[in-house]
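Dear colleague,

Please read the notes with the structure open beside them.

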Amino acid sequence: MSRSLNFNAFGVDIHTGQTTIGVWAPSSKEVRVHVENGDVIDLKEAGFGFWSANTEKIKDGTLYKVALDQESALPDPASRFQPQGVHGYSQAIDLSKHNWSDQQWHNLALEDYLIYELHVGTFTSDGTFDGVVGKLDHLIELGVNAIEIMPVAQFPGERNWGYDGVFPFAVQASYGGPRALQRLVDACHRKGIAVILDVVYNHVGPEGNYLESYGPFFTDKYHTPWGKAINVDDAYCDGVRQFILENMRMWFRDFHIDALRLDAVHAIKDYGAKHILAAMREQLDELSAVSGKPYYLIGECDLNDVRYITPVNEGGYGLHAQWIDEFHHALRVTVGEPRNGYYADFEPLIHLAKSFRDGYVYDGTYSPHRKKTFGNKASEASGSQFVVFSQNHDQIGNRMLGERSSALYSEGLQKVMATAVLASPYIPMLFMGEEYGEKKPFLYFVSHTDEELAEAVRKGRRAEFKDFHGEEDAPDPMAVATYEQSKLNWSALDESNHREIFTFYKRLIQLRKKYEAWHRLDRKHINVEVCSDSGVLLLNRWTDRESLFFYFNFSDKIQERKDHFLQYPSAKIFDTSDSRFFQNDFVIPSPPILHLAPQSASIYYQTSK
């Protein structure tokens, strides 16, 4: 691997058997490293605000801090491990020590991803990476082949969604730290599961954020909903950009991560000649060329701007794919979500049909909620460039009571939504627990050690929901009970109704993998028809050899349809209202008149002429 891709200018690096230390502090006149045993290491200026040293005084496991200009010593902002929390000593870690067993692993094609999003702290009772390893066989039985792990950068305390991380290079200690993450990725690869890691480059959490003490990591030119914007295009931005690029490389190179999910890329403000996302894609392609393995960048983007997923050589930012919240919104209003807030922009059925066809619902049309014309068309984008879902951590946890779909909708509608996600010509994503109808909520929780900040978070949460749920107060985000209440109840799988839901998901995923017209993410061979009066939507997907017809009845009444699309020989291969179809290879000939059960989805197959 070339030095440019392997060399680290930030933090303690023990990769090569010789320890190097790198700190970016462009305004400092003196930088020293204080080792816990009392040793002091003077760093030398290396140009452009960087300070460095080679040393034998720091080895794997050594605790240290950094002092700038004889001020009090601070944790290293590029620390690889913070076992004492966000205010304690940093610990040097030799990330090359793990004995990888995934040499035969080759990342899946992005269009083959079936994603399962999980939060490490609440996925299992012990809330660790090793706990996740113990559940991988469940995911294999389900049929998913990629897990998306919510952020693991070190945050204050032991409980957090992960979006308050303040040490981007350090793996959360309460989850098991960096070596445990390496064990998890290795185990996933041995079992044929790709690993996506959620990372946050648009903001940093409020507690334990020492970045500003080192240099201009932030800019006042822009603001985000979560605080100051990261400085990627203002004065001194070169050091910040390198910090981000090194962090990205670390996850792929040292942890064998297969893809990064980039949080809220629309909040990364960059008006420089080369957008930081484009720079990331270019370096990622270099890394891929060296390793011989494909890697992916998947963005969360709220702009409906196809530029984010357009190749860099065509003037875009080069993300491989993006989440489509609009598919979720259109689906939710179709099943009865009140049209408040941003949901007010979405028409039941009609906008779901549009998202099936076009990806973006608002693609250059007027948005009443935003009060402006919004978005552009993604006509040439492939289906593998979009990720869709019926629920995720945001859409559940940002509700005051953290209700999942299982608490909001009938079992019939839950199955219809799951079928819609998996029937789409896009990459589907499930949220942990939905595959068996988990009833426990996924609440918002934090564990700040700063009492003033903790109280501010409580007050903010109460204010956010003051007009909802009458006199009921928002759950305390700081309470251990709020966190514990959000942990999955795996014993639910022992109950017949939950086991049936799991069997339903498993069979639906099996069918998706079986039929070419289904698993090929071909946006050109798709037709959608809507019958608003009856609450029925028809989705047709086909190849030269086969055709699949997905009928969605969102109404609470039986709908009958004599369909000119279905010609004999054709067969009904699935029905969400009939558990016989949840078993392998149960098929019946399609009748001349289709009977669509209330709140159900059914799937028909026929060979193409």
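Contact here means heavy atoms within 4.5 Å. With that in mind, and remembering that this is a predicted model, the residue to begin with is S384, which sits in the loop between β20 (372-374) and β21 (386-388). Leaving aside residues up to four places away in sequence, S384 touches L110, E111, H320, A321, I427 and L521. The side chain of S384 also makes a polar contact of 2.9 Å with the side chain of S382. Is S384 buried or exposed? Its relative accessibility is 15%, and because buried means under 20% relative accessible area, S384 counts as buried.

Most residues other than glycine have a negative phi. A264, however, has a positive phi, near 40°, and is not a glycine; this alanine lies in the loop between β16 (259-262) and α8 (276-291). At 2% relative accessibility, A264 counts as buried. Q599, again a residue that is not a glycine, has a positive phi of about 45°, and its place is in the loop between β29 (594-596) and β30 (600-607). With a relative accessibility of 23%, Q599 counts as partly exposed.

The last item concerns helices. Two packed helices are described by the angle between their axes and the distance between the axes. For helix α9 (residues 325-334) and helix α13 (residues 411-423), the axes come within 11 Å and cross at roughly 150°. Because angles over 145 degrees count as roughly antiparallel, α9 is roughly antiparallel to α13. The crossing of these two helices, α9 and α13, is right-handed. Which residues make the contact? From α9 they are F327, L331 and R332, and from α13 they are M417, A420 and V421. Sorted by class, the contact of α9 with α13 has five nonpolar residues, one charged residue and no polar residues.

Conventions
Residues numbered from 1 in each chain as written. Predicted model: local features only at pLDDT ≥ 70, side-chain atom pairs only at ≥ 80, totals over all residues. Heavy atoms only, no water. Axes fitted to C-alpha atoms, helices over the stretch in contact; angles between N-to-C directions. Helix = DSSP H or I, 4+ residues; strand = E, 2+ residues; numbered from the N terminus. Parallel < 35°, antiparallel > 145°, perpendicular 65-115°, else oblique. Left-handed = near helix turned anticlockwise from the far one by under 90°. Nonpolar A, V, L, I, M, F, W, Y, C, P; charged D, E, K, R; others polar. Buried < 20%, exposed > 50% of the residue type's maximum accessible area, 1.4 Å probe, protein only. Polar contact = N/O pair within 3.5 Å; in protein donor to acceptor, adjacent residues only side chain to side chain.
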